[in-house]
Each structure stands twice: as C-alpha cells, then as structure tokens.
Amino acid sequence: MNSGAKKILFVASEAYPLVKTGGLGDVVYSLPHALHARGADVRLLLPGYRALLRQLDQVRILGWLDVRGAEGIVSVRILETRHPEYAFPLWVVDCPSLFDRPGNPYVGASGQDWPDNAERFAVFARVAALLGLDALDTGWQPEVVHTHDWQTGLVAAFLADQPARPKTVFTIHNLAYGGYFSHGDFVRLQLPSHWWSPESVEFHGGFSMLKAGIVYADAVTTVSPTYAAEICTPEFGFGLDGLLLSFKHKLHGILNGIDTKIWNPSTDKHLSAQYSSSRILPGKRRNKQSLIEHFLPQADDAAMQAPLLGQVGRLVEQKGIDWVLAAIPVLLAETNARFVLLGSGQTIYEQKLIRLAKQHPERVFVEIGYDELLAHQIEAGADMFMMPSRFEPCGLNQMYSLNYGTPPIVFKTGGLADTVVDADKTTLKDATANGFVFETPDVASFLNAIRRALALYQKPAQWRKLQQTGMRQSFDWADSAGHYLALYSTSISEDSHVIHTH
Ligand code: ADP
C-alpha cells in the first residue's frame, strides 16, 4: 500500500489520549499524524501501562522478545493494535511485571519515582532497538527510529554499533529530566561496560539515559530554536551544555505545532460557545461566564467585568508557579483581577493554591488535578493566560492561548520567546503584538508585565487587535513535520552537514 513511504518507528513513553503527563504526550500524538498525512509509514511503540492496556481492544500478538532486565531475562510480548484516534498501528510492549501497575507512568501513588524505573526503561529501550532491526521478522524494518526524552535515550545507544541499522533521531522535550540512575543499576542491567565513560553515558558517578540519546543518536532535536541555543549554555544546560555544544552540528531546534483538530475555538466541543477571530467577544463572554459559574454558582456583573487571568499546567518551579503565588496577593490588593488556576504537581504549591482560593473564594478559583475539559474551558474563558516559565523547551499552552484569543504573559525563554511578541508601541502599531513578554526572571518583572496587560485590557479596540493577531497565527504541525522529514532524509553521515532549522 505504502511501499515507497518512509518507514518511521516512533518510540515514546506517553501518547495522547492513551497516557499523558504533559506536552510530550501531545507531540507524540500530533507529530506522527502530521508525518502520516505527508505520506510516511509510521508505527508508534509504547510501554504497556495498565491505563493504556485498559483502553485497547482488538489486539494482535506480533511476537515475543527476551531481553536482559535487572535480575535476568525478561520476556515481553509485542502487541499490535489499532485505536480510533490513531491513523496508524500502535505497538505496545506488554510486560506486566514492569508496566502493568496503577497510576502514573513514572511515579507511584506516594509521588516517588518507581524504584525500578532504570529497568523499566532499559527493557523498553532494548525492545525498541530490536524492533528497529525487525527482530520479529515482520517484514517492516524502519528507516528511522525517532525516540523521545530520557525514557528512550538508550535506544540509539543500543542501535549505534549494529550493522544495517536505521537512522536514529532523539528529541529532547525537556532537558530537566535526565533519567539519572546509579552505577548499581548500570551493573545490574548489564549495560555494555564500554559505556561507562564520560564520553558515553556516565554522568557524575551514575549514568544518564538522556545523555545516551544525545551521544549516540545520529541527530538530536529539541522543540524550539531558542531552546536549542539555550541548552548549550550553563544556565539552561543541566550540566549537559558542554556535551550539547560539542554536538551542535547534529542539534536542531524545530518548533512544535499544536493540534488544531483538538485545540480550535471555532470547533471545540468542550466550550459553551465556539468563536473565531472575526467575532470574538460574544463567544468569549459565554465561555467566561460558564467558567466562573463552574466555581461560583452565579457569575455576577462584577465578576464578568473583572479581568480573569488563567493558568494551566504542572505545579512545579519550572513553570514559575512560585512567581504566580507571589504575584496574586499583590494583584488582589491593587486591582479587581480574578484568577483561575488548574494544575497538579508539588504538594507545597497545591496546598498554597488551595489556601489562597479558600481565603478569596470569589476571586481565586483553583482546581487541583488533571482535567482536559477544564483546560480547554480556561483557555477559552480567561481573558489572559499566565505562563511565566523559568525555562520552556517549547510550551503548548501559550500557543493554545494565542489561538483562543487569550493573550499570554510569558518570560522570554525557549519556545515562549519564539512564539510570543510583546505588546509595545511598535508591535501594537504594526499588529505583530500578540501577548506580553518580560525579560528579567523575577516577580517584579512578571508583575509589571501583568500590569501592562491589565492596562491594555481597558482599551477594547487595541485588545481586540492583540487577540486577533494571536488567533490568526498558524502553529500548524505540517510545517514542523516538513522539517522532520527533511532531517530523516539525510543519510547518517550527512548529518554533520545539515543546516539548523531555525
Ligand atoms: P509541559 O509539557 O512542560 O507540561 P506544555 O505547555 O508543553 O508543558 O504542555 C502541557 C500540556 O499538558 C498541555 O496540553 C496542557 O493543557 C496540559 N496540562 C498540563 N497540566 C494540566 C492539567 N492539570 N489539566 C489538564 N491539562 C493539563
């Protein structure tokens, strides 16, 4: 059917809507679909978590593989399945002892990493490498194995010295998570002893699966041009900046897109009213009203008049949640602004948010948890969106906000710097402004950016223009997919000559 199409094996630890903890899951859904739409022949390999297995029916056993685990040989079954949300087959590594357990892919109920994560993702990577070599003799041998984040970092390393191997591409979605494990794990997993060196996977007395991906993949990508440059500096490099700099010739920054089938205010079924850039106000008002009423039984006039600032995301320091927590009391005192926040993460931030909401039930609305529906409703119902991440590889929420007419307020970093144009005199005049950007990483600068946003909000015509600019911007995955296809098409030895996609 697709015999001439490029065969690409995607390997990842999460994928929307089956299992998702963050932006990685969105990309692993959208990018292969964009590639598929451009004629690529894709398979996606995922670990058989319980939450994922539950959602599958019509499973076919592709075969069995025995690979080394921490205590000896681990037998896994490879399942092939179709899923209504997926246009191509999914492959699942079914290994109950490692993956069939409740909860999160990476952490147990107590919030601690699963103690056997090294084994779980080493086994997953060994299996992925074998499938990259068509060890099951399915007749489908990928030309490219595209792996994502530390959980898949070892795949390129296992493949590196194999003859007639596929090209390997490793994408860093977040350098902060390095997949660090101990020397004991390295020994138990019987990883090749020549990997135990600073030029290979060793990292400060342990080893890093992320580092393995960087060292051994033929091409390394990250999810925005600015982040690609930032991670080569000590400030953003998490100790890997020197290494990344030395591999700069194979490092590419390709901006993520957003899935406009899922995130489009003119078709979004999660909203009380759909709206588009040519008629924003009535739709946004309806959404604002339902959003407020979700938390307060009746949205009175004062609530509807007051600017509503939203935030959705993981409650971790990276996302600047501590700045948000510091800014809210100041703004409560000095303005009539209200806040709506959805997220989960570190307990301390969850508790502080809950406390703030209790103290100001009419002005601070908080939901702790993961709620796809409410995330859409906040993007549509809020007037502006706070995303003061200290670093942000790409960020999806600011692009959703832009397309939903909810101007984002962001720190100038990574993908935020690549997508948000600060509203100043010049950019407002030439209609390139789409949000608010602050350049010094502290609360005072964040507050100033919010104050500028609140001031502009009082000027409806200018605000409308700002909204329209964002809503009319395209963050189409097709553009990114084109860059990835170009990268896949270079031969392994050509990589050092590939021009950076900036
Ligand atoms: P990251 O990948 O660092 O978490 P991104 O902005 O790239 O941040 O992507 C986050 C994705 O996860 C977005 O699709 C966002 O809507 C979603 N998300 C994060 N937290 C929540 C939550 N608590 N409820 C619903 N969706 C969430």
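Predicted model: local features only at pLDDT ≥ 70, side-chain atom pairs only at ≥ 80, totals over all residues.
Next, pick strand 10, residues 206-208. Strand 10 and strand 9 pair in the antiparallel sense over 2 bridges. Zoom in on F203: G206 of strand 10 stands opposite.

Move on to the ligand. Select its surroundings and you have 20 residues, with G23, D26, R314, K319 and G369 the closest. By type, the shell holds 7 nonpolar, 7 polar and 6 charged residues.

At R314, a polar side-chain atom sits 2.8 Å from a ligand oxygen atom. At G369, the backbone takes over: an N or O atom lies 2.7 Å from a nitrogen atom of the ligand. At Y400, a polar side-chain atom is 3.4 Å from an oxygen atom of the ligand. How much of the ligand does the protein bury? The ligand alone exposes 560 Å², and the protein buries 93% of that.

Last, colour the elements that build the shell. Helix 1 (23-37), strand 13 (308-315), strand 14 (338-345), helix 14 (372-381) and helix 15 (397-403) each give at least two residues. Which of them supplies the largest share? Strand 13 does, with 3 residues.

Definitions and conventions: Residues numbered from 1 in each chain as written. Heavy atoms only, no water. Pairing = 2+ DSSP bridges. Helix = DSSP H or I, 4+ residues; strand = E, 2+ residues; numbered from the N terminus. Near = heavy atom within 4 Å. Polar contact = N/O pair within 3.5 Å; in protein donor to acceptor, adjacent residues only side chain to side chain. Areas by Shrake-Rupley, 256 points an atom, 1.4 Å probe, with all protein chains shown as cover. Nonpolar A, V, L, I, M, F, W, Y, C, P; charged D, E, K, R; others polar.
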